[in-house]
Amino acid sequence: MDDFHNLSDKIAIIQADISSMKDQSSELQNSIQEDKDRLQSLTDRVKALLEKAGQDSSNLDLSIDAIQQINTEIDEALFSMSNKTDSDKAVDLNKVDILIACIAGGLAVLVDFLVVKVPKDMEIKLNGEKVHHEGSPLTELFRKFGTTKDGKEAKWIQTLEKWFHVNYDPSIKENIPGMYPKNHRVYSLGHDPSILGLIWGVKDIVCGTFSYIDKNGVLRIDKVAPADVKKLFYAPVLWLGHIISDVFTKQGIPIPGTSVLRMLKVGRFGEKERTIGELVTYMYEKGYDLRHLATMSTCRLVIDVVINIYYFLVIKEKTGPSQPLFERDYVRVKNALKKSKMSFTAYSVAVAGNIGKVAAYQGSPFAINAAIWYQFAREAITQVVVYLDDSKYAIEAIENRNRIDETFERLLKQNNSSYQD
């Protein structure tokens with residue numbers, strides 16, 4: 001009995017919905033009739049105006065069917081149009097751009113194998129056997145700057161060392177185990193050729209201290225001279241001059257960030273199971289210094305030269321002053337995004353090649369090209385930022401507007417041609 005009552009209630013609800021739909025349909029029919037009446041009135045008025053102007057009004061048709069036909073054509077055109085216009089596709093990454101980027105990355109890989117190699121000729125013990133690795137000829141050329149024919153420091157280097165002497169440059173200290181003349185610069189924070197090194201170097205000059213990372217990865221600060229606040233005015237120049245004088249010495253200076261990496265006492269690499277901190281110290285002692293970083297940067301130079309030449313000759317589109325400001329900004333941003341994607345592609349190829357190089361050198365850390373890995377990380381971060389940036393919606397809005405404009409222009413041309421026929 002309850003089921004019967006429930007069914008009766010449902011039928012009543014359905015009947016009420018049907019009645020509501022009938023009312024809405026009646027209102028819609030009345031609205032359509034009103035629109036027809038308005039269109040007819042408009043047609044009569046337009047025909048009257050045309051007759052007064054002496055124009056033929058026989059082909060004028062503003063009926064509902066004619067308007068629906070126009071709307072149908074517009075809908076079909078809008079739904080059938082491609083995702084982007086030809087002009088928008090021209091500023092997108094295409095197959096030729098990707099090919100050029102891959103060629104740039106491939107050239108960098110060749111330079112990495114043939115020019116960069118490893119810092120210097122060395123015998124590496126791997127799996128119990130000694131393996132000979134040929135050093136980079138370019139790094140060897142850099143090492144000849146600042147030295148005489150007999151291998152001694154040039155007089156101008158010795159002069160710079162006297163002019164730019166600093167108090168945070170002890171080559172050996174009894175209370176610092178593991179530090180000796182060959183590696184004391186990698187211990188010192190002030191010898192890091194970076195903003196971090198500048199800060200610590202100025203601080204040590206002014207405060208009369210020696211800041212370093214000990215062999216356990218712990219920051220230590222020793223008092224080595226009286227503090228002198230007046231040195232603050234010329235401390236940056238003193239720091240830079242000392243860095244320059246050390247670059248051309250036999251041992252050189254570490255690559256940027258090495259002092260921070262020495263704090264990482266994690267990992268077990270090689271037969272001696274060195275940590276990251278111990279490994280970077282060992283690599284510096286074997287010649288992985290700022291001069292070899294300059295050699296590694298030739299790979300970046302190759303990529304940047306190839307992509308920039310291609311960008312200015314092929315990609316970059318000049319915008320005219322007659323174009324709206326947002327259109328000029330749109331083209332500029334799209335060109336910059338294309339160039340950024342090409343750089344990311346090129347460095348991806350270069351990094352893949354460097355992984356192959358490390359494998360070819362039996363896993364030797366000296367085969368790692370820090371320059372291209374650093375730039376690859378920057379390009380990857382750029383791509384993530386671009387993907388998460390809300391400005392991409394503004395670009396999509398401009399592209400959608402261009403699609404609509406192009407479609408309506410095509411429709412107008414079709415209607416004009418059909419009208420003339």
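User: How many salt bridges does the count come to?

Analyst: The count comes to 8 salt bridges, where a salt bridge is a side-chain nitrogen of Lys or Arg within 4 Å of a carboxyl oxygen of Asp or Glu. Please keep in mind that this is a predicted model, in which local features need pLDDT of at least 70 and side-chain atom pairs count only at pLDDT 80 or more, while totals for chains, interfaces and linings use all residues. Residues are numbered from 1 along each chain as its sequence is written, and side-chain values use heavy atoms, with hydrogens and water left out.

User: Which residue does K357 meet in a salt bridge?

Analyst: K357 pairs with D112, at 2.8 Å from N to O. The two residues are 245 apart in the chain, K357 being in helix α13 (residues 325-360) and D112 in helix α4 (residues 95-116). Helices (H or I, at least four residues) and strands (E, at least two) are DSSP runs, numbered from the N terminus.

User: And are K357 and D112 buried or exposed?

Analyst: Both K357 and D112 are buried, which is to say under 20% relative accessible area, with exposed meaning over 50% and partly exposed in between (1.4 Å probe, protein chains only).

User: What does D246 form a salt bridge with?

Analyst: D246 forms a salt bridge with R185, and their closest N and O atoms are 3.3 Å apart. Because D246 lies in helix α9 (residues 235-247) and R185 in helix α7 (residues 184-187), the pair ties together parts that are 61 residues apart in sequence. D246 and R185 are both buried.

User: Changing topic, at what angle do α8 and α9 pack?

Analyst: Helix α8 (residues 195-207) packs against α9 at about 115°, with the axes 9 Å apart. Here axes are lines fitted to C-alpha atoms, for helices over the stretch in contact, and angles run from 0 to 180 degrees between N-to-C directions.

User: Which residues in α8 and α9 meet?

Analyst: From α8 the residues are G197, L198, G201, V202, I205 and V206, and they meet A235, P236, L238 and W239 in α9, a contact being heavy atoms within 4.5 Å. By class, this contact of α8 with α9 has 8 nonpolar, 2 polar and no charged residues, where Ala, Val, Leu, Ile, Met, Phe, Trp, Tyr, Cys and Pro count as nonpolar, Asp, Glu, Lys and Arg as charged, and the others, Gly among them, as polar.

User: Which residues touch the most other members of the largest nonpolar core?

Analyst: They are I303, M342 and F366, in a core of 32 residues, with a nonpolar core defined as a set of buried Ala, Val, Leu, Ile, Met, Phe, Trp, Tyr and Cys residues joined through side-chain atoms within 4.5 Å. The largest share of this core, 8 residues, comes from α12. Leaving aside residues up to four places away in sequence, F366 touches a set that includes K117, M122, Y282 and H292.

User: How many residues of α11 are buried?

Analyst: In α11, 8 of the 10 residues are buried, so this helix is largely enclosed by the rest of the structure. Among the buried residues of α11 are L279, Y282 and E285. Just after α11, G287 takes a positive phi of about 105°.

User: And what share of the whole chain counts as buried?

Analyst: Of its 421 residues, 34% count as buried, and the chain has 15 helices and 4 strands.
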